[in-house]
Amino acid sequence: VRILGLALFATCAALLAFGLYLQHIQGIEPCPMCIMQRYAMMVCGVLGLITGLHNPRGRGLLVYAALLAASALAGAGIAARQSWMQWYPPAVSECGPGLEYMLESFPLSSALPMIFRGAGDCSAIDWTLLGLTIANWSFLVFASILLGLGVFLLQRRKTRH
């Protein structure tokens with residue numbers, strides 16, 4: 001459990017670092033959906049770190065697994081929605097002001113709902129690798145976390161019975 005948790009942390013940290021590289025070095029500004037995917041990735045990574053350091057057993061492990069699954073599902077859902085918007089862009093952009101503008105211009109209680117609705121051009125495709133967008137890759141990463149977690153829990157269950 002310790003090695004898997006720390007490996008998850010390292011993977012998530014590397015992916016977040018790459019996202020920051022794309023933003024600050026390549027000049028690709030993230031939309032609010034991208035930001036929310038980053039938060040989900042950060043939560044997955046922090047859970048991996050805590051799991052690796054704590055090395056839980058029994059119910060504690062199941063609590064961490066449930067939290068990880070919830071975070072990965074949230075990230076996958078956001079990435080899937082953004083991928084859909086990129087494949088089938090809306091006729092009228094659902095975009096609005098950028099994240100920084102919203103946070104500077106509105107109180108947090110007003111800005112958070114706007115962020116979750118998605119502002120900025122979330123349907124724009126600014127970068128691809130092997131024909132897949134950042135949102136597509138993000139979905140695959142979250143799906144891989146969920147798949148890996150499922151395999152781990154099934155293997156754990158088989159060895160316990």
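User: Why is A14 called partly exposed?

Analyst: The model is a predicted one. In it, A14 has a relative accessible area of 46%. Buried requires under 20% and exposed requires over 50%.

User: Where is the place of A14, and how many residues apart in sequence are A14 and G45?

Analyst: A14 sits in helix α1. A14 and G45 are separated by 31 residues in sequence, while their C-alpha atoms are 9.8 Å apart in space.

User: What makes A76 count as buried?

Analyst: The relative accessibility of A76 is 8%. Buried means under 20%, so A76 counts as buried. This residue belongs to helix α3.

User: Which residues does A76 touch, not counting residues up to four places away in sequence?

Analyst: With those sequence neighbours left out, A76 touches F139 and F142. A76 and A40 are 36 residues apart along the sequence, with a C-alpha to C-alpha distance of 8.8 Å.

User: Q82 is also in helix α3. Why does Q82 count as buried?

Analyst: Its relative accessibility is 3%. The limit for buried is under 20%, and therefore Q82 counts as buried.

User: What does Q82 touch?

Analyst: Leaving aside residues up to four places away in sequence, Q82 touches C31, M33, C34, Q37, C122 and A135. Between Q82 and T133 there are 51 positions in sequence and 9.8 Å in space, taken C-alpha to C-alpha.

User: How do you know that N55 counts as buried, and where is N55 found?

Analyst: N55 has 18% relative accessibility. Since buried means under 20%, N55 counts as buried because its value falls below that limit. N55 lies in the loop between α2 and α3. Its phi is near 50°, which is a positive value in a residue other than glycine.

User: L130 has a positive phi as well, near 55°. Is L130 buried or exposed, and why?

Analyst: L130 has 74% relative accessibility. Exposed means over 50%, so L130 counts as exposed. This residue is in the loop between β1 (128–129) and β2 (132–133), and like any residue with this flag, L130 is other than glycine.

User: What pattern does the chain follow along the sequence?

Analyst: Read in order, the pattern is α-α-α-α-α-β-β-α. The chain has six helices and two strands. Of its 161 residues, 37% count as buried. Among the chain's contacts with a separation of 6 or more, 78% come from residues 24 or more positions apart.

User: At roughly what angle do the axes of α1 and α6 cross, and why is α1 called roughly antiparallel to α6?

Analyst: The two axes come within 13 Å and cross at roughly 175°. Angles over 145 degrees count as roughly antiparallel, so α1 is roughly antiparallel to α6.

User: Which residues make the contact?

Analyst: From α1 the contact uses L4, L8, C12, L15 and L22, and from α6 it uses I134, V141, I145 and F152. Sorted by class, the residues of this contact of α1 with α6 are nine nonpolar, no polar and no charged.

User: Which residues lie nearest the centre of the second largest pocket?

Analyst: L4, G5, L8, L68 and L149 lie nearest its centre, out of 21 residues that line the pocket. The volume of the second largest pocket is about 420 Å³.

User: Which helices each supply at least two residues of the lining of the second largest pocket?

Analyst: They are α1 (2–24), α2 (32–54), α3 (58–87) and α6 (134–160).

User: How do the residues of the lining of the second largest pocket divide into nonpolar, polar and charged?

Analyst: The lining has 15 nonpolar residues, six polar residues and no charged residues. Gly is counted as polar and Leu as nonpolar. G5 and L8, both named among the residues nearest the centre, are therefore polar and nonpolar in that order.

Note on methods
Residues numbered from 1 in each chain as written. Predicted model: local features only at pLDDT ≥ 70, side-chain atom pairs only at ≥ 80, totals over all residues. Heavy atoms only, no water. 1 Å grid on protein atoms, 1.4 Å probe; cavity = no way out; pocket = protein on both sides within 12 Å on 5 of 7 lines; lining within 4 Å. Points joined across faces, edges and corners; volume = space filled by probe spheres on them. Helix = DSSP H or I, 4+ residues; strand = E, 2+ residues; numbered from the N terminus. Axes fitted to C-alpha atoms, helices over the stretch in contact; angles between N-to-C directions. Parallel < 35°, antiparallel > 145°, perpendicular 65-115°, else oblique. Contact = heavy atoms within 4.5 Å. Buried < 20%, exposed > 50% of the residue type's maximum accessible area, 1.4 Å probe, protein only.
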